[in-house]
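Hi,

Here is the structure I promised to pass on. Have a look at it first, and my notes follow below.

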Amino acid sequence: MFKLNLKIAWRNLWKNKGYTLINIIGLSIGMASCILIFIFIRYQMSFDEGFKNEDRIFRVVTDWKYNAYDDFSAGVPIPFTASARNEIAGFEKVGSIIKRGGILHIKGANGADKIKTQEPVYYAEPDFFEVFSNIQWLSGKPKQALSEPNTIVLSKAYAIRFFGNIENALGKIIILGTNTNLKVTGVIQDIPQNSSFPLRLVISYQTYPGRFNNNWDSVNSSSSSFVLLKEGLKASDLGQSMDNFNKKYYPIEKIAGNQVNRLQALKDIHFNEKYDNFANASINKSEIYGLTIIGLFLILTACINFINLSTAQSITRSKEVGVRKVMGGKRKQLLAQFLTETFIVSLFALLIACIITELAIPLMQNLFKGAIEFSLFGHGIIFVFMVLLVLLVGLLAGFYPALIISRFNPVLAIKNKVALSGNGLSLRKILVVFQFSITVILIIGTFVIIRQMEYIQQKSLGFKYEAVTMLGIPGDSTSKTKYNIFKERVLQVAGVKGFSYCQTAPLSSDINSSDFTYNGVKNKDFELRNMRADENYFKLFDLKFIAGKVFQKSDTANACVVNETFLKKIGVSNPQDAIGKIIIASGNTVPIVGVVEDFNDQSLKESISGIAIFPGKADYWSAAVKMEGKQIKSAMPEIEKIWNSTFPNGVFSSGFVNERIKNYYENEQIMGVLFKVFAGVIIFISFIGLFGLISFVATQRTREVAIRKVLGASTFELVKMLNGSFLLMVFIANLIAWPLAYLFVSKWLNSFAYRIDLGIWPFALAMVISMLITLITVSFRSFKAAKANTIDALKYE
């Protein structure tokens with residue numbers, strides 16, 4: 001029976017090649033988009049999975065609650081781990097790990113550098129590897145390898161890169177910085193890319209110079225502590241213990257901001273944007289949900305095409321149904337027959353979808369900068385998803401048309417007097433309206449995202465950053481003595497217009513903040529952001545003074561410059577009144593000598609911080625170099641050459657400020673690309689379905705059109721008659737889509753502190769585009785029907 005159904009299905013699909021092709025194209029593109037979305041979501045959801053006891057592993061984070069705002073950090077104070085290990089009974093294991101940067105030297109036989117590279121390094125306690133106990137050790141054990149000072153463990157890839165193989169690496173010496181010799185005592189398996197712990201170079205915690213810091217008020221997001229709860233305990237069971245611990249070490253009268261530590265689940269690290277992670281990779285779960293909804297919309301749009309065309313075509317198959325019923329065919333056999341046709345189309349569509357997916361994977365990897373791959377055998381879950389996708393599409397697209405066709409009255413079917421009931425017609429219209437509502441929502445979303453990104457790129461940030469590059473600067477004592485020489489040599493390069501030693505550009509995510517005292521009064525409402533820069537910083541970035549002046553040249557903090565927002569937050573309305581007032585912050589007690597206009601110090605998602613800029617040679621780690629735009633290509637190689645000759649033990653690194661600013665909106669740019677692509681896909685699927693539907697309607701009404709022409713109807717009137725219902729459906733779809741799209745784009749725009757005003761234009765433009773494309777699509781086919789020869793249509797009547 002199945003073989004017979006297959007043969008009949010094939011013949012019928014081949015007979016209606018045009019409609020079959022439309023269905024296959026729509027389904028294949030929809031399936032390919034769903035597979036790509038699934039691959040991406042699977043990759044994101046797989047982060048930090050596979051660790052033994054993962055439900056019992058938590059990261060300790062730090063929260064603050066000020067009067068004006070809340071603050072969050074993924075780090076903990078340095079003394080936290082030792083105290084928690086002794087005082088919180090519910091912790092089975094507690095391990096510290098600290099991320100820092102370092103320049104590594106591997107010497108050759110002649111004593112010269114064979115390899116010199118700047119890499120992120122981690123200082124970890126052996127207990128960290130007790131928490132993450134199934135990190136595989138290819139050589140050595142954590143208790144032995146990381147228990148002594150000046151020892152280092154390499155990942156397999158770095159052992160091979162530095163020394164050729166694992167065996168050669170053991171016992172070798174790596175020099176960190178200028179004079180710290182590290183002995184290789186172990187090798188671990190490479191950590192997968194979908195991990196928040198990209199451990200490549202792990203140094204013993206006993207080597208970390210800042211391990212004796214006992215300041216509980218000092219928190220760096222790169223200083224983390226991970227805990228393994230005792231068997232049978234949940235985070236909620238430790239609530240009282242954590243409260244007691246917080247009250248003991250963060251008394252309100254001594255530490256500002258109601259500082260507390262709390263537990264964050266391992267599985268939450270990748271999806272929580274409040275707290276960063278070592279991989280600098282996170283995604284909001286709302287984006288995952290958004291992509292899932294878009295994937296469902298895509299496949300629903302393709303299925304709607306199939307349903308509409310199949311139900312519309314059902315009249316032409318009425319005689320077949322009638323004959324089969326008269327010959328004893330049962331309804332369930334007819335259902336099986338028509339579902340078989342749907343599954344054949346779905347399988348063909350899946351094969352084409354796999355080809356499209358394979359071609360699109362490299363583009364997706366470039367977009368998301370991740371190791372996303374399409375492997376049926378490497379990732380069995382993808383194969384399972386594809387099987388389920390075919391079953392879903394087959395049932396979703398085929399069941400209703402099969403139900404409609406199989407219930408035809410055999411007598412009426414044989415006489416060719418079957419007509420679709422009003423319900424069937426109404427459902428088809430509802431599906432078209434639903435399909436175009438989705439299309440319009442995506443069009444509106446695309447317009448708003450594009451406009452917001454243009455606004456971000458064009459908005460004045462309060463400082464000039466064109467043709468400014470930030471150079472990394474070594475911070476060792478020897479290098480600091482060469483700062484003036486390096487500056488003088490760089491300023492002599494043709495095309496260089498300015499030079500400033502600093503920590504960061506005015507807009508940066510590298511934030512150092514602290515509590516402060518202004519004019520003798522301790523502030524409890526917010527923390528002051530501290531920036532370090534020399535006296536040339538203000539001119540180089542064109543920061544405008546509204547009161548006072550720049551501080552004098554100094555190697556240490558002797559004064560500071562604040563911004564307007566700082567004065568607003570402390571209630572000073574006249575900037576001149578702040579000049580000469582004393583600020584105590586970050587160990588400095590200095591007068592305010594100047595006030596600058598506000599500039600955006602973080603992405604436009606955030607409000608401007610209260611800022612104080614201090615000089616301080618000991619704390620500079622960057623140099624800003626401003627160049628003539630047309631001479632960047634010739635100046636940069638010269639600057640690099642000077643840098644390498646001045647700091648021979650360092651590794652040159654640079655980055656233009658404008659590129660770094662763009663990177664803050666990487667997720668939004670990706671979302672913009674996705675909306676453009678998927679809006680285009682849904683528009684394409686919707687309109688090829690519309691074209692197929694109007695083609696069928698025009699064919700069914702050929703005789704009606706011919707009779708109307710004979711009675712004197714013009715071509716315009718005939719086109720208007722055929723177009724009217726479709727344009728009305730698209731118009732209704734716009735009315736339904738507008739409020740839904742408004743809710744979506746409003747919520748998305750609310751994530752920005754600075755955003756465009758949401759006017760009527762994206763909604764009106766979406767309506768014009770959808771109506772115009774509908775008009776063109778439908779008119780093309782209806783005009784052809786209206787111009788057809790009336791004799792051909794009527795001669796058989």
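How many bridges join strand S5 to strand S8? Two, with S5 (residues 137-139) and S8 (residues 180-188) running antiparallel.

Before the rest, some housekeeping. This is a predicted model, where local features need pLDDT of at least 70 and side-chain atom pairs count only at pLDDT 80 or more, while totals for chains, interfaces and linings use all residues. Residues are numbered from 1 along each chain as its sequence is written, and side-chain values use heavy atoms, with hydrogens and water left out. Helices (H or I, at least four residues) and strands (E, at least two) are DSSP runs numbered from the N terminus, and two strands pair if DSSP finds at least two bridges between them.

Back to S8. Strand S7 (residues 173-176) is antiparallel to S8, with four bridges; Ile174 is partnered by Leu182. The S7-S8 hairpin has three residues between the strands, and Gly177 takes a positive phi near 70° in that hairpin.

Now the helices. The axes (lines fitted to C-alpha atoms over the stretch in contact, with angles from 0 to 180 degrees between N-to-C directions) of H16 (residues 483-491) and H19 (residues 632-646) come within 10 Å and cross at roughly 160°. That makes the two roughly antiparallel (over 145 degrees; under 35 is roughly parallel, 65 to 115 roughly perpendicular, the rest oblique). Contact (heavy atoms within 4.5 Å) involves Phe486, Arg489 and Val490 of H16, and Ile639, Ile642, Trp643, Ser645 and Thr646 of H19.

For H3 (residues 80-87) and H8 (residues 239-249), the axes come within 12 Å and cross at roughly 130°, so this pair is oblique. Here Phe80, Ser83, Ala84 and Glu87 of H3 meet Phe245, Lys248 and Tyr249 of H8.

Finally, the unreviewed UniProt entry lists several spans as "transmembrane region", including residues 21-43 and 430-450; such annotations may be inferred rather than shown by experiment. In the model, residues 21-43 are 100% helix and 0% strand, with end C-alpha atoms 33 Å apart. Residues 430-450 are also 100% helix and 0% strand, and their end C-alpha atoms are 30 Å apart.

Cheers
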